[in-house]
Amino acid sequence: GVLYGGRSAEREVSLMSGSGVLKALQSKGVDAHGFDPAQRSLAELAAEKFDRVFIALHGRYGEDGTLQGVLEQLGIPYTGSGVMASSIGMDKVMTKRIWTNHGLPTPRFIVLDSHEATPEELRKVPDELGLPVMLKAPHEGSTIGISKVIGYSEMQEGFAHCAKYDDVVLAEEFITGRELTVPVLGKGRTARALPIVEICAPQGNYDYQHKYFSDDTQYLCPAPLDEELTKRIQSLAVRAFNAVGSSGWARVDFMLRAADNEPFLLEINTSPGMTGHSLVPMSAKASGVSYEDLCVEILRSADLDLKPTKDWQPT
């Protein structure tokens with residue numbers, strides 16, 4: 001089964017990802033069938049009796065651990081991270097706290113209550129983090145619910161935009177430099193980083209339109225970095241992946257600071273896009289792996305956090 005669509009703010013992207021994955025698996029001889037949890041019930045999912053599922057859902061109700069918990073209960077192996085790692089990876093604040101605890105570099109940040117943050121609190125954010133500052137809805141993806149604040153006068157409007165999507169708003173130090181992303185496949189000691197992709201968006205604005213629909217954004221893969229820096233960033237990606245307990249596959253996003261070439265971790269995507277503009281298949285292709293073979297490799301990694309005991313029987 002290929003799970004796609006869903007009811008998050010990223011439904012449109014998920015439909016594109018899932019359609020590509022479904023077609024790719026079928027082209028490789030896999031008996032694959034699409035399933036949209038927004039259109040069909042969990043009872044129907046159980047009745048399908050899938051051997052395993054490829055999760056091509058993005059955002060809430062698909063990437064955040066909720067669906068993973070359902071699949072654990074149904075005993076259906078699934079691709080990507082388990083319940084806890086999915087939940088952590090979907091929460092940018094919790095992810096950053098874990099990375100900080102592991103000594104991994106991530107931009108400085110402040111967490112603001114979407115309902116109770118006062119104008120005085122908002123005015124203090126640029127004083128502490130500097131300008132520009134990035135405001136983000138911590139549980140959204142695909143550049144939904146973000147705002148780049150250039151001056152003090154923009155804080156209120158930017159905060160209000162992000163607060164529409166979440167109960168808290170993440171205010172993050174803005175790192176000026178190059179935008180990079182690193183796909184990671186595997187689990188634990190077997191986890192490996194694929195080639196680094198550099199994203200060169202018009203005026204540095206890698207928004208929803210430029211990410212999924214525009215041909216103006218340029219992608220450099222492998223990113224033009226020296227060997228030592230490449231290995232360092234790939235190693236950081238694997239460490240970040242393992243720190244949150246990810247497995248199967250994920251994509252780790254970075255900013256490389258222009259002033260000193262220091263990398264900073266931004267976020268991890270535990271169910272990355274698989275559209276025609278997506279970065280994981282682009283990176284895999286640079287390492288000699290086709291889109292179709294990548295989909296099969298990810299599907300093969302489908303697993304359960306909790307393995308059913310062989311001798312258990314319902315009473």
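Biologist: What is the volume of the largest cavity?

Modeller: In this predicted model, the largest cavity has a volume of about 50 Å³. The structure holds one cavity of 30 Å³ or more.

Biologist: What makes this space a cavity and not a pocket?

Modeller: A cavity is a set of points where a 1.4 Å probe fits but cannot get out, whereas a pocket is an open set. The space of about 50 Å³ is listed as a cavity, so by that definition the probe cannot get out.

Biologist: Which residues line the largest cavity, and how do they divide by class?

Modeller: The lining consists of I55, G62, E63, Q68, T79, G80, S81, S86, W249, T270 and S271. Two of these residues are nonpolar, eight are polar and one is charged.

Biologist: Which domains contribute to the lining of the largest cavity?

Modeller: At least three lining residues come from each of domain 1 (2–79) and domain 2 (88–105 + 176–301). The protein is divided into these two domains and domain 3 (109–173). The centres of domain 2 and domain 3, taken over C-alpha atoms, are separated by 24 Å.

Biologist: What is known of the second largest pocket?

Modeller: The second largest pocket has a volume of about 210 Å³. Its lining has 13 residues, and G1, V30, D31, D51 and R52 are the ones nearest its centre. By class, the lining holds seven nonpolar, two polar and four charged residues.

Biologist: Why are helices α4 and α5 called roughly perpendicular?

Modeller: Helix α4 (residues 83–90) and helix α5 (residues 92–101) pack at an angle of about 105°, and their axes are 5 Å apart. Angles of 65 to 115 degrees count as roughly perpendicular, and α4 and α5 are therefore described in that way. I88, G89 and M90 of α4 make the contact with K92, M94, T95 and I98 of α5. Four residues of this contact are nonpolar, two are polar and one is charged.

Biologist: What makes α6 roughly perpendicular to α7?

Modeller: The angle between helix α6 (residues 119–129) and helix α7 (residues 155–163) is about 105°, with axes 10 Å apart. This angle makes α6 roughly perpendicular to α7, since the term covers 65 to 115 degrees. On the α6 side P119, L122, V125 and P126 take part, and they meet M155, Q156 and F159 in α7. The contact has six nonpolar residues, one polar residue and no charged residues.

Biologist: How do you know that α1 and α11 are roughly perpendicular?

Modeller: Helix α1 (residues 11–27) packs against helix α11 (residues 291–300) at an angle of about 90°, with the axes 9 Å apart. That value makes α1 roughly perpendicular to α11, as the range for the term is 65 to 115 degrees. S17, G20, V21, A24, L25 and S27 of α1 meet Y291, E292, C295, V296 and L299 of α11. Seven nonpolar, three polar and one charged residues form this contact.

Biologist: What is the phi of K49, and where does the residue lie?

Modeller: K49 is not a glycine, yet its phi is positive, at about 55°. K49 is placed in the loop between α2 (42–48) and β3 (54–55).

Definitions and conventions
Residues numbered from 1 in each chain as written. Predicted model: local features only at pLDDT ≥ 70, side-chain atom pairs only at ≥ 80, totals over all residues. Heavy atoms only, no water. 1 Å grid on protein atoms, 1.4 Å probe; cavity = no way out; pocket = protein on both sides within 12 Å on 5 of 7 lines; lining within 4 Å. Points joined across faces, edges and corners; volume = space filled by probe spheres on them. Nonpolar A, V, L, I, M, F, W, Y, C, P; charged D, E, K, R; others polar. Domains from an automatic or database assignment. Axes fitted to C-alpha atoms, helices over the stretch in contact; angles between N-to-C directions. Helix = DSSP H or I, 4+ residues; strand = E, 2+ residues; numbered from the N terminus. Parallel < 35°, antiparallel > 145°, perpendicular 65-115°, else oblique. Contact = heavy atoms within 4.5 Å.
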